[in-house]
Amino acid sequence: MRLAEGAEILVFDGKSGEWRAEVTQAGKKSGTLTCREMTRPLQMPPDLWLLFAPIKKARTDFIVEKAAEMGAARICPVQTDFTNSERIRRDRLQAHAVEAAEQCGGTFVPEVRDLQKLDKVLSGWPADRRLMFCDEALVGARAALESSESGKWAILIGPEGGFSEQERARLRDMPGTVAVSLGPRILRADTAAVAAMTLWQSTLGDWQ
Ligand code: SAH
């Protein structure tokens with residue numbers, strides 16, 4: 001940023017809030033920032049994970065950016081039966097999450113995890129975390145989140161091809177799963193991710 005000594009910037013590390021920091025030493029390759037005062041306390045999101053099947057690059061970037069803005073605590077790309085994308089650039093997606101937090105004046109950055117098979121994720125699923133399974137087969141049904149309690153949750157969004165019948169059956173059988181409809185229209189996966197986070201945040205999250 002080519003700042004000289006004496007310049008001030010706002011910094012955050014995702015743990016200690018936001019601080020006004022002064023450039024107290026500026027070299028060519030490194031420098032020193034000294035934190036002067038806290039400008040904002042750490043604002044943690046609710047304990048919500050977003051699980052989604054990566055789609056095309058720009059749309060995957062969009063999902064990660066929106067998840068950081070909407071207050072997801074963790075972002076987990078998952079490979080489902082009908083996922084086209086076999087690989088993701090985790091570091092690039094993490095950088096998107098950081099940028100989104102910076103843009104929105106956030107003080108927390110959700111961690112982007114490596115791509116994992118949905119199968120494997122479900123096998124090790126923590127018993128105390130509920131799963132909001134956004135199932136396109138329920139298009140047009142009622143949303144069905146109202147009777148749930150807040151706490152530890154995850155949202156699951158499928159790929160453009162939707163979920164396989166095998167996945168659907170397994171997900172529905174899991175004890176902590178709430179299968180949810182996102183209204184009368186089938187949404188694209190990126191739209192569905194934002195709609196699902198809106199629904200969760202307004203019903204069980206920190207919009208209340
Ligand atoms: N190709 C599928 C649609 C997939 S949409 C079909 O035509 O049926 C991508 C993902 O967005 C879905 O897997 C689901 O998680 C979510 N989604 C989209 N619209 C939805 C709706 N109305 N209700 C619940 N989930 C929805």
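These legends describe close-up views of a predicted model of a protein chain with a ligand.

View 1. In the side chain of Glu 136, an N or O atom is 2.7 Å from an oxygen atom of the ligand. For Gly 158 the atom concerned is a backbone N or O, which lies 3.0 Å from an oxygen atom of the ligand. Gly 183 also takes part through a backbone N or O atom, in this case 3.4 Å from a nitrogen atom of the ligand. On its own the ligand has 570 Å² of accessible area, of which the protein covers 84%.

**View 2. Cysteines.** The structure contains zero disulfides. Cys 134 is in no disulfide, and the nearest cysteine sulfur belongs to Cys 76, 14 Å away. A disulfide would need the two sulfur atoms within 2.5 Å. Cys 134 counts as buried because its relative accessibility is 6%, under the 20% limit. Cys 104 has a relative accessible area of 45% and is therefore partly exposed; exposed would require over 50%.

View 3. The domain assignment of the protein chain gives domain 1 as residues 8-40 and domain 2 as residues 48-203. Six residues from domain 1 and seven residues from domain 2 make up the contact. The centres of domain 1 and domain 2, taken over C-alpha atoms, are separated by 34 Å. Glu 136, whose side chain has an N or O atom 2.7 Å from a ligand oxygen, falls within the 48-203 range of domain 2.

Technical notes. Residues numbered from 1 in each chain as written. Predicted model: local features only at pLDDT ≥ 70, side-chain atom pairs only at ≥ 80, totals over all residues. Heavy atoms only, no water. Polar contact = N/O pair within 3.5 Å; in protein donor to acceptor, adjacent residues only side chain to side chain. Areas by Shrake-Rupley, 256 points an atom, 1.4 Å probe, with all protein chains shown as cover. Buried < 20%, exposed > 50% of the residue type's maximum accessible area, 1.4 Å probe, protein only. Domains from an automatic or database assignment. Contact = heavy atoms within 4.5 Å.
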